[in-house]
Amino acid sequence: MTRASLDKRPADVAAMFDRTAARYDLLNDLMTGGLDRLWRREVVKALDVRAGERVLDLAAGTGTSSVPFAQVGAHTVACDFSLGMLQEGMRRNGSAGLRFVAGDALRLPFADSSFDAVTISFGIRNVSDTVQALADMRRVTKPGGRLVVCEVSRPPNPVIRTMHGLHLKVGLPLMAKVSSNPDSYHYLAESTAAWHDQAAFARLIQEAGWTSVRWRNLTFGAVALHHAVRA
């Protein structure tokens, strides 16, 4: 099987994203109907970055999600474990004032208390140990610093939840059949279906040592923004 399995072997997942790098942003638009752009704007507002702050954007891919932080004057690091993604990001966004760094979310290559804010969008479910990754994010965040995680979730409304499930079971596999890289569609469907609901993920964030954990639903709860603070 070429598709990355749900035990999230890092080499398999990285290789899948390497193959997707050149068309990653286009695939995001197709898979979400363009809603990914709305979700990125909500992350920017939620993190409330100020000029001069140090920001870590994890699973940054090509750096598209990182650019708005640099635009307000923050010292922004776009970190990803896919070298293909980083190379594509440097080609596209190398002049945007970003620093591109290769790194594993389980062992971040940064000193303790390095950042005022840390964010990760649609990447936390790709790591093999969620709590360890969240704990290492806390380690590199300054006391009083903030975390925003944007990730797939479970719509609380049963009707919408059923429709969302049909999209995962039927819609994405149809996209996979006409795609030159079907692995990404299959992986998205499987990892989304297997991911935690809002409350369960909030408990994992608390377990990792973060405080003031709360969440806000986007798009009827198909996606959620989780906020937290390092005490």
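**View 1. Strands β5 and β7 pair in an antiparallel arrangement.** Seven bridges link β5 (residues 141–152) with β7 (residues 223–229). Two strands count as paired if DSSP finds at least two bridges between them. Strands (E, at least two residues) and helices (H or I, at least four residues) are DSSP runs, numbered from the N terminus. Cysteine 150 stands opposite leucine 225 in β7. The model is predicted, so local features need pLDDT of at least 70 and side-chain atom pairs count only at pLDDT 80 or more, while totals for chains, interfaces and linings use all residues. Residues are numbered from 1 along each chain as its sequence is written, and side-chain values use heavy atoms, with hydrogens and water left out.

**View 2. Seven strands build an open sheet with mixed pairing.** The strand order is β3-β2-β1-β4-β5-β7-β6. At the edges stand β3 (98–102) and β6 (211–218), each pairing on one side only. From one strand to the next, the twist averages 20 degrees. Strands of a sheet pair through backbone hydrogen bonds, either parallel or antiparallel.

View 3. Contact means heavy atoms within 4.5 Å. Axes are lines fitted to C-alpha atoms, for helices over the stretch in contact, and angles run from 0 to 180 degrees between N-to-C directions.

**View 4. β6 and β7 form a hairpin with four residues between them.** The two strands pair in the antiparallel sense over six bridges. Arginine 214 stands opposite histidine 227 in β7. Threonine 219 lies in the loop between β6 and β7. Threonine 219 is not a glycine, yet has a positive phi of about 50 degrees. Its relative accessible area is 29%, so threonine 219 is partly exposed. Buried means under 20% relative accessible area, exposed over 50%, and partly exposed in between (1.4 Å probe, protein chains only).

**View 5. Aspartate 48 sits in the loop between α3 and β1.** Aspartate 48 has a positive phi of about 50 degrees, although it is not a glycine. With a relative accessible area of 41%, aspartate 48 is partly exposed.

**View 6. Tryptophan 195 is buried in the loop between α8 (182–194) and α9.** Its relative accessibility is 6%. Beyond residues up to four places away in sequence, tryptophan 195 touches Ile124, Arg125, Thr130, Glu151, Val152, Arg154 and Phe201. Arginine 125 is 70 residues from tryptophan 195 in sequence, but 6.9 Å away in space, C-alpha to C-alpha.

**View 7. The structure holds one cavity of 30 Å³ or more.** On a 1 Å grid over the protein atoms alone, a cavity is a set of points where a 1.4 Å probe fits but cannot get out; lining residues have an atom within 4 Å of a point. The largest cavity contains about 50 Å³ of space. Its lining consists of Arg40, Val43, Val44, Asp57, Ser65, Phe69, Thr119 and Ser121. The largest share, three residues, comes from α3. By class, the lining has three nonpolar, three polar and two charged residues.

Note on methods. On a 1 Å grid over the protein atoms alone, a cavity is a set of points where a 1.4 Å probe fits but cannot get out, and a pocket is an open set with protein on both sides within 12 Å along at least five of seven lines; lining residues have an atom within 4 Å of a point. Grid points are joined across faces, edges and corners, and a volume is the space filled by probe spheres set on the points. Ala, Val, Leu, Ile, Met, Phe, Trp, Tyr, Cys and Pro count as nonpolar, Asp, Glu, Lys and Arg as charged, and the others, Gly among them, as polar.
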